[in-house]
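Please open the structure in your viewer and keep the selection tool handy. We will go from stop to stop, with something to pick at each one.

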Amino acid sequence: MLLLAIESSCDETAAAVVRDGREVLSNLIASQTDVHAIYGGVVPELASRRHLEVINPLVEEALMVAGVSKLQLDGVVATRGPGLIGALLVGLSYAKAFAYASNIPLIGVHHIEGHILAIQLEKHVAYPFLAVAVSGGHTHLFRVDGIGQYLLLGRTVDDAAGEAFDKVAKMLGLGYPGGPIIDKLAQQSDDGGIVFPRPLLKKDNLNFSFSGMKTAVLNYLNRLDAEPDKRQVGQISAAFQTAAVDVITQKALRAAKGEGLNRIVVAGGVACNSGLRRRFAELADANGLEIYFPAPILCADNAAMLTVAGDHYLQQGYRSSLALNAVSSWPLEQAGVF
Ligand code: KG4
Ligand code: ZN
């Protein structure tokens with residue numbers, strides 16, 4: 001089954017062509033970072049406008065790179081939610097029009113479902129596994145028993161991990177998005193003995209709180225006599241990253257043990273973080289667990305990731321109605337209900 005996939009939930013317009021939910025023929029991402037960087041964060045209205053400008057040429061290019069004509073496609077997959085509603089509507093409306101004009105089925109997929117199944121495009125990971133979804137909008141732990149079978153084990157009670165990385169970067173006067181910049185600085189610096197708190201780590205649940213960690217960085221900066229110099233910025237970045245990585249990995253490990261799962265899949269933009277990858281690899285090794293990270297292009301927002309679930313649901317005979325609406329919030333446990 002040859003599928004066109006479209007993702008536009010936030011600040012990347014993405015289009016992909018994938019065969020059988022496995023073979024990626026093209027996976028293109030038009031980033032809007034330049035549009036939003038001067039504002040230090042995503043401006044929803046500007047995101048929608050940029051999606052509108054680039055979506056048609058991007059889809060044409062995805063088909064061209066894949067060497068596939070519209071007539072060969074068997075279906076269209078698009079992100080239905082969660083995300084910025086105006087941004088989602090551009091991709092979903094385009095997908096609906098495309099499906100109608102081509103007389104092929106449409107399937108709306110959950111964005112996080114896309115992230116946590118992206119690894120299946122690279123290697124087959126057997127079910128069940130623990131999914132650690134860490135992105136700019138989400139920080140969730142799920143038990144995954146199969147496609148469409150997700151049990152929420154824990155989640156952030158405030159900011160998402162990526163959001164905290166971005167906010168700390170902003171406090172430190174670094175650019176946007178801050179996650180990759182903090183990661184780079186942390187690789188080049190020690191933590192200077194700075195220790196930030198690990199909120200909820202000792203609590204007997206699997207939830208996270210990144211807002212407190214971010215506030216601890218702000219309080220630390222407020223206590224300094226002057227603006228931090230380059231060396232201090234590196235140390236604060238390293239100390240923050242260590243604290244964030246510590247909380248994510250410890251809670252994930254606890255969740256895996258509690259559920260008796262020996263496979264962990266880490267997904268979403270923050271899964272690109274080098275410290276997180278290293279620490280997870282060490283812990284997995286020490287605890288006899290298998291750990292999986294998708295390649296960076298499949299961690300960040302992309303369209304190919306949607307086709308694992310999309311292909312599965314279409315094969316099962318499910319179709320989304322052309323009256324399908326985008327949703328800004330949508331619990332993953334309800335994904336797969338069309
Ligand atoms: O999954 P994603 O591309 O979009 C959302 O669905 O949110 O994730 C974007 C988030 C941003 O907050 C970005 O700063 C963060 O992922 N991120 C990173 C790294 N690369 C991206 N955070 C930490 N370290 C990185 N290397
Ligand atoms: Zn995402």
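A pocket here is an open set of grid points where a 1.4 Å probe fits, with protein on both sides within 12 Å along at least five of seven lines. Keep in mind as you look around that this is a predicted model.

**Stop 1: a pocket**

Which residues line the second largest pocket? Select Ala 186, Gln 187, Ala 238, Gln 241, Thr 242, Val 245, Asp 246, Ser 274, Gly 275, Arg 278, Arg 279 and Glu 282 to show its lining. The space inside the second largest pocket is about 200 Å³. Helix 6 (178–188), helix 8 (230–259) and helix 9 (274–287) are the elements that give two or more residues to this lining. Colour the lining by residue type and you will find three nonpolar, five polar and four charged residues.

**Stop 2: the nonpolar cores**

In soluble globular proteins, nonpolar side chains tend to be buried together. The largest nonpolar core in this model has 46 residues. To find your way into this core, pick the residues with the most contacts inside it: Leu 130, Val 132, Phe 196, Phe 240, Ile 248, Val 266 and Phe 280. At least two core residues come from each of strand 6 (129–134), helix 5 (161–171), helix 7 (211–223), helix 8, strand 9 (263–267) and helix 9. Which element gives the most to this core? That is helix 8, with 13 residues.

Now centre the view on Phe 240. Beyond its neighbours within four places in sequence, Phe 240 is in contact with Ala 164, Phe 165, Val 168, Ile 182, Phe 196, Met 213 and Val 217. A second, separate core holds 36 residues, including Phe 129, Ile 147, Ala 267 and Leu 306.

**Stop 3: strands 4 and 5**

Next, select strand 4 (75–81) and strand 5 (106–110). The two run parallel and are joined by five bridges. For one of these, pick Thr 79, whose bridge partner in strand 5 is Val 109.

Is strand 5 enclosed or open? Five of its five residues are buried, so strand 5 is largely enclosed by the rest of the structure. Show its side chains: Leu 106, Gly 108 and His 110 point one way, while Ile 107 and Val 109 point the other.

Then move to Gly 75, which belongs to strand 4. Gly 75 is buried because its relative accessibility is 0%, and the cut-off for buried is under 20%. Leaving out neighbours within four places in sequence, the contacts of Gly 75 are Leu 2, Leu 3, Leu 4, Ile 104 and Pro 105. Draw a distance from the C-alpha atom of Gly 75 to that of Gly 108, 33 residues apart along the chain, and it comes to 11 Å.

**Stop 4: backbone details**

Most residues other than glycine have a negative phi, and most peptide bonds are trans. Here are some exceptions to look at.

- Gly 81 and Pro 82 are joined by a cis peptide bond, with omega about -10 degrees. Pro 82 sits in the loop between strand 4 and helix 3 (85–102).
- Tyr 176 and Pro 177 are also linked by a cis peptide bond, with omega about -10 degrees. Look for Pro 177 in the loop between helix 5 and helix 6.
- Asn 103 has a positive phi, near 55 degrees. Its place is the loop between helix 3 and strand 5, and Asn 103 is exposed, with a relative accessible area of 71%.
- Leu 200 has a positive phi too, near 65 degrees. Leu 200 lies in the loop between helix 6 and helix 7 and counts as partly exposed at 24% relative accessibility.

Conventions:
Residues are numbered from 1 along each chain as its sequence is written. Chains are lettered from A and ligands numbered from 1 in the order in which they are written. This is a predicted model: local features need pLDDT of at least 70, side-chain atom pairs count only at pLDDT 80 or more; totals for chains, interfaces and linings use all residues. Side-chain values use heavy atoms; hydrogens and water are left out. On a 1 Å grid over the protein atoms alone, a cavity is a set of points where a 1.4 Å probe fits but cannot get out, and a pocket is an open set with protein on both sides within 12 Å along at least five of seven lines; lining residues have an atom within 4 Å of a point. Grid points are joined across faces, edges and corners, and a volume is the space filled by probe spheres set on the points. Helices (H or I, at least four residues) and strands (E, at least two) are DSSP runs, numbered from the N terminus. Ala, Val, Leu, Ile, Met, Phe, Trp, Tyr, Cys and Pro count as nonpolar, Asp, Glu, Lys and Arg as charged, and the others, Gly among them, as polar. A nonpolar core is a set of buried Ala, Val, Leu, Ile, Met, Phe, Trp, Tyr and Cys residues joined through side-chain atoms within 4.5 Å. Buried means under 20% relative accessible area, exposed over 50%, partly exposed in between (1.4 Å probe, protein chains only). Contact means heavy atoms within 4.5 Å. Two strands pair if DSSP finds at least two bridges between them.
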